[in-house]
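Here are some notes to read with the structure open beside you. They go strand by strand at first, then on to the cores, the backbone and the charged pairs.

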Amino acid sequence: MHYLWYGPSLAMAMIGFGQQLDEQSIAPSFTNPNTEILSLEEERNERMTVPVTIDGFGPYNFMIDTGSQATAVTHRINDALGLESLGTAMLVGMASRRPVEVVELDSLQLGSSTIHNLAAPVLYRNHVGADGIIGLDSLQDFRVLIDFRDDTITVEDVTKKRGSQRGFEIVVRARHKLGQLLITNAEIEGVNATVIIDTGAQASLANTALRERIRTKRAQEVLTTDVNGVSMVGQMSFVRTLEIEGVTLRNVPITFADTPAFEALGLQDEPVLSLGMNHLRMFDRVAIDFSRQRILFDLPRSVQRRMNSRNHATRFD
């Protein structure tokens with residue numbers, strides 16, 4: 001039996017959200033003809049979706065999820081298309097491990113790019129918040145740029161032309177592991193920690209190994225539900241500082257819990273944080289370049305001015 005893991009793509013309640021900064025970006029737009037700019041739709045649970053077609057049918061609204069190892073479809077799509085079953089696999093969610101059916105996708109079209117021969121687990125739509133998930137198995141040849149100011153996603157095929165890093169104030173080198181890009185030089189209240197960029201998670205989540213190192217105080221219980229529909233209780237606290245490449249976020253709300261997904265990455269015993277959309281939205285743009293193992297951040301204009309005038313770390317309050 002094969003194992004598929006999913007990052008903290010959770011439905012969350014009682015979670016505090018960080019301040020969002022609205023300043024305009026000065027970064028240039030892409031002119032590469034291999035680049036697709038796709039409009040985003042926001043659902044009630046604040047997940048962003050893009051249109052895709054499967055085996056020529058659709059369009060369906062899929063969420064781009066950099067915290068998920070595998071591309072997935074929902075039962076509604078499987079029932080409508082009668083996809084070929086490949087058996088079962090163990091799905092590792094944030095709260096559980098469950099066997100799920102896996103089906104074959106002959107083709108998945110995203111913009112003008114087509115990905116062939118995918119083995120996709122079948123999930124329930126109310127657990128996913130979209131018609132399906134575009135996971136890491138479909139993203140390795142792309143650079144994905146999320147522009148929060150304009151509500152667009154840019155999907156660039158880097159096998160045809162490498163994307164430029166011009167216009168981004170922060171460029172972070174990442175380590176590649178099981179398809180995931182890991183930022184390994186982050187600091188949380190002075191403690192070295194690994195950071196995962198998870199575009200499928202609404203809020204940020206860390207393990208208890210980090211909580212024990214920083215000795216944060218318990219604030220409130222948070223109920224979370226994973227892609228298997230299984231709930232768990234975490235402890236939400238505010239950490240004083242989170243620093244990545246000289247940019248410091250302050251008073252960051254983080255939920256702490258030990259989960260099977262962190263264990264699947266071999267990170268259960270070291271400090272790790274999955275950075276969700278509530279904190280990614282503090283930037284104007286975030287780009288994940290899988291082929292070059294980089295994560296790029298575009299800061300709001302007011303923060304850019306401070307970075308240009310000062311040599312020390314820039315802080316987000």
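Two strands count as paired if DSSP finds at least two bridges between them. With that in hand, here is what I would look at in this predicted model.

1. Start with the hairpin. Strand β12 (residues 142-147) and strand β13 (residues 152-157) pair in the antiparallel sense over 6 bridges. Within that pairing, isoleucine 146 sits opposite isoleucine 153 of β13. The hairpin has 4 residues between its two strands, and aspartate 151 in the turn shows a positive phi of about 55°.

2. β12 has another partner. It also pairs with strand β23 (residues 285-289), again in the antiparallel sense, over 5 bridges. Here leucine 145 has alanine 287 of β23 as its bridge partner.

3. Is β12 buried or exposed? Buried counts as under 20% relative accessible area, and 6 of the 6 residues of β12 are buried, so the strand is largely enclosed by the rest of the structure. Both of its faces are covered: Phe142, Val144 and Ile146 are buried on one side, and Arg143, Leu145 and Asp147 are buried on the other.

4. Arginine 143 forms a salt bridge with glutamate 156, at 3.6 Å from N to O. That ties strand β12 to strand β13, with the two residues 13 apart in the chain. Arginine 143 and glutamate 156 are both buried.

5. The largest nonpolar core holds 61 residues, and Phe62, Val73, Leu105 and Ile197 touch the most other members. Strand β21 (residues 247-256) gives the most to this core, with 5 residues. A second, separate core has 11 residues, among them Leu182, Met232, Leu267 and Val272.

6. Isoleucine 197 deserves a click. Leaving aside residues up to four places away in sequence, its contacts include Thr66, Gly67, Gln180, Ile183 and Leu275. Leu280, Ile288, Ile295 and Phe297 are also touched by isoleucine 197.

7. Glycine 58 and proline 59 are joined by a cis peptide bond, with omega about 10°, and proline 59 belongs to strand β6 (residues 57-64). In the loop between β5 (48-54) and β6 sits aspartate 55, whose phi is positive, near 50°, though it is not a glycine. Aspartate 55 is partly exposed, at 26% relative accessibility.

8. Glutamate 245 is another non-glycine residue with a positive phi, about 50°. You will find glutamate 245 in the loop between β20 (231-244) and β21. Its relative accessibility is 36%, so glutamate 245 counts as partly exposed.

9. How many salt bridges does a search of the whole structure find? There are 8. One of them joins the side chains of arginine 97 and glutamate 263 at 3.6 Å, N to O. This pair links distant parts of the chain, 166 residues apart: arginine 97 is in strand β9 (residues 97-110) and glutamate 263 in helix α4 (residues 260-264). Arginine 97 is partly exposed at 34%, and glutamate 263 is partly exposed at 43%.

10. Last, back to the turn region. Arginine 149 and aspartate 150 meet in a salt bridge of 3.5 Å, N to O. Arginine 149 is partly exposed, with a relative accessible area of 34%, and aspartate 150 is partly exposed too, at 42%. Elsewhere, salt bridges that share partners join Arg76, Arg125 and Asp131 into one network.

How values were computed. Residues numbered from 1 in each chain as written. Predicted model: local features only at pLDDT ≥ 70, side-chain atom pairs only at ≥ 80, totals over all residues. Heavy atoms only, no water. Buried < 20%, exposed > 50% of the residue type's maximum accessible area, 1.4 Å probe, protein only. Core = buried A, V, L, I, M, F, W, Y, C linked by side-chain atoms within 4.5 Å. Contact = heavy atoms within 4.5 Å. Salt bridge = Lys/Arg side-chain N within 4 Å of Asp/Glu carboxyl O.
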